[in-house]
Amino acid sequence: MVTRHVLIGSGPASIAAAEAIRGIDADAEIRMIGAERAGYYSRPGLAYLLAKEVPESALFPFTRRDFDLLGVEQIHDRAVLIDPGKHAVRLGGGEALVYDRLLIATGSAAIPVNVPGAEMDGVVKLDDMDDARDLIRRSRAARTAVVVGGGITALEIVEGLRAHRVDVHYFIRKDRYWSSVFSESESRIVEEGLRSRGVTVHYFSELARILGRDGRVESVETAAGERIPCEMLAVAIGVLPRAELAREAGLACGRGVLVDTHLRSSDPDIFAAGDVAEVSDAATERRTIEVLWNSAAAKGRVAGHNMAGGPARAYEAGVPLNVTRLAGFRITVMGTVGGGGEDADMKGIARGDSETWRRRDAGTTVVEAQQGEAHVRLALGPRSIEGAVVMGDQSLSFPLQEIIAAHVDVGPLADELRAPSAHLGELIEAFWRDRTAHHA
Amino acid sequence: MFSRFAGECWGYLNGMTLFASDRARHTTLATAWVMPEPSRCVQCGVCSFHCPMEIDVRRHVWRGEPVKDARCLTCGECVKRCPRGLLRFEPIPFAAPVLPQRRVR
């Protein structure tokens, strides 16, 4: 009998799951429900589309032929109801799809701003392709925009607007940018980079209300009463997993769909992967959400494998890593780096964000230094490197990625790195050269 | 894997040009290929978009394999353009087959 797989969502988790299923079961029926007309595209690539670095057409990794070769039927519709009893998913168009195994990979959605005037025309976000197109269209006409929020998305919008020559005012609620992940000097590097790109950075600025005429944004007012005329207000205060379908279907949910390390939900035939999956690790009792492209694909692969009945495989969260470009700086964040601050600019989690980064284990010490073209910060355990932030030149980020991911016992290196005025770059490079020479 | 060779090639990227000399470029052409660090890729397609030979570099990255395409000029466009810096030149292991691959369209 042919196994019927239904995948809700058309992002990297679904794609990776489809590939994994097909790798195991050549005959399986795979149907992918995607609410977005654009289908599968690089969501992080929208930043480069906004910045005018690539055309929209470059953002699509898969062609129709690829889907055909993979034997995936794409269905452009919205899933409106999951009926676990009948093993069926109802679509917006009324049709019902029957499944043997179901994957929920519905991603996450921007949290709307909750101030008077939020419903006005000109209040924008950057969730998906339609939002990016809307931002570009509006940028052509707008002179001034205000951006509120934090994390990567807020600055992607800021830079996209600057690429379209829009004057940008960026509001930071407290004294610095992304304080839950970045150290103070890292925040300052980014803020300085923003200013050098012509952005006006406002500190201790909280959006109080949006003012306009005929339903269109004309200005915003801060809690302190300052008024800034603008045609656009962009909001990036975080995202929430899209777990409504699962919740209504009676599946166990926390912030997202609760899954075990096999990515199986409370219903044995329903799996979840990507941003919407809240992975509960029985060993550590930690529940973690990650809104990262590569984590989504990794979860999709595991979920697909288990859906197709491969030998049970567990998702190993590994070390979350993201490389991003903020205010012109390439930045890699990996492992537990905890910036120490409470980020008032964001609610919950943001795109390109991992909750793990905010943690820092007791017993770790932090060293930080500017080394040539790179600014490096390390969270050091007694004999390990637990996390790192590398800004600027990324050469060091590659060995660091491997050292952190493999939990390499670095022995005396940790103490050498802690020594005052230690040259972090040279020490790490020397350590890595020796190690790769011995393992060659 | 990070190697000293990759470190040196990477070093060139920090200068004004990708290759310090024609000799470096020819050496790279003969002995190296473009190797991805797939965990850093978000499939934005900047690499494929800029490839003068229309090689779908992004597809190689998704598969976690080097750009083992006979048409690759090792011009370094993709290496230079990748916004996340995940492409590097790595030495080709001895006797590795370099097969031409058709772009799937």
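A polar contact is a pair of N or O atoms within 3.5 Å, and within protein one of the two must be able to donate a hydrogen and the other to accept it. In the predicted model considered here, the count between chain A and chain B is 16 residue pairs in polar contact, with both residues at pLDDT 80 or more. By class, the side of chain A that touches chain B has 20 nonpolar residues, alongside 11 polar and 10 charged ones.

The elements of chain A that each supply at least two residues to this side include the helices α1 (12-24), α3 (64-70), α8 (293-307), α10 (397-405) and α12 (424-439), together with the strands β23 (321-326) and β24 (329-335). Of these, α10(A) gives the most, with 5 residues. The contact as a whole takes 41 residues from chain A and 28 residues from chain B, and the two chains bury about 2,900 Å² between them, 52% of it on carbon and sulfur atoms. Within chain A, the residues that lose the most area to chain B are Y48(A), R330(A) and F398(A), which together account for 21% of what that side buries.

Between chain A and chain B the count of salt bridges is 1. A salt bridge joins the side chains of R59(B) and D66(A), with an N to O distance of 2.8 Å. Over all chains, the count comes to 36 salt bridges. Among them is the pairing of R133(A) with E56(A), whose closest N and O atoms are 2.6 Å apart. This pair links distant parts of the chain, since R133(A) lies in helix α4 (residues 129-141) of chain A and E56(A) in the loop between α2 (46-50) and α3 of chain A, 77 residues apart.

Turning to the fold of chain A, 5 strands form an open sheet in the order β3-β2-β1-β7-β19, with parallel pairing. The edges of this sheet are formed by β3 (72-76) and β19 (270-272) of chain A, each of which pairs on one side only. Neighbouring strands are turned by 20 degrees against each other on average, direction ignored. At one end of the strand order, 3 bridges join β7 (residues 101-104) of chain A to β19(A) in the parallel sense, and F271(A) in β19(A) is the bridge partner of L103(A).

Two helices that also supply residues to the side touching chain B are in contact with this sheet. Helix α1(A) lies across β1 (4-8), β2 (29-34), β3 and β7 of chain A, and runs at about 175 degrees to β2(A). Helix α8(A) lies across β1, β7 and β19 of chain A, and runs at about 170 degrees to β7(A).

A further set of strands in chain A pairs in the antiparallel sense. Strand β4 (residues 79-83) and strand β5 (residues 88-91) of chain A are joined in this way over 4 bridges, with L91(A) in β5(A) as the bridge partner of A79(A). The hairpin of β4(A) and β5(A) has 4 residues between the strands, and H87(A) there takes a positive phi near 55 degrees. Strand β5(A) also pairs with β6 (residues 96-98) of chain A, in the antiparallel sense and over 3 bridges, and here V89(A) has L97(A) in β6(A) as its bridge partner. The hairpin of β5(A) and β6(A) likewise has 4 residues between the strands, with G94(A) taking a positive phi near 105 degrees.

How values were computed:
Residues numbered from 1 in each chain as written. Chains lettered and ligands numbered in written order. Predicted model: local features only at pLDDT ≥ 70, side-chain atom pairs only at ≥ 80, totals over all residues. Heavy atoms only, no water. Contact = heavy atoms within 4.5 Å. Buried area = accessible area lost by both parts, 1.4 Å probe. Salt bridge = Lys/Arg side-chain N within 4 Å of Asp/Glu carboxyl O. Polar contact = N/O pair within 3.5 Å; in protein donor to acceptor, adjacent residues only side chain to side chain. Nonpolar A, V, L, I, M, F, W, Y, C, P; charged D, E, K, R; others polar. Pairing = 2+ DSSP bridges. Axes fitted to C-alpha atoms, helices over the stretch in contact; angles between N-to-C directions.
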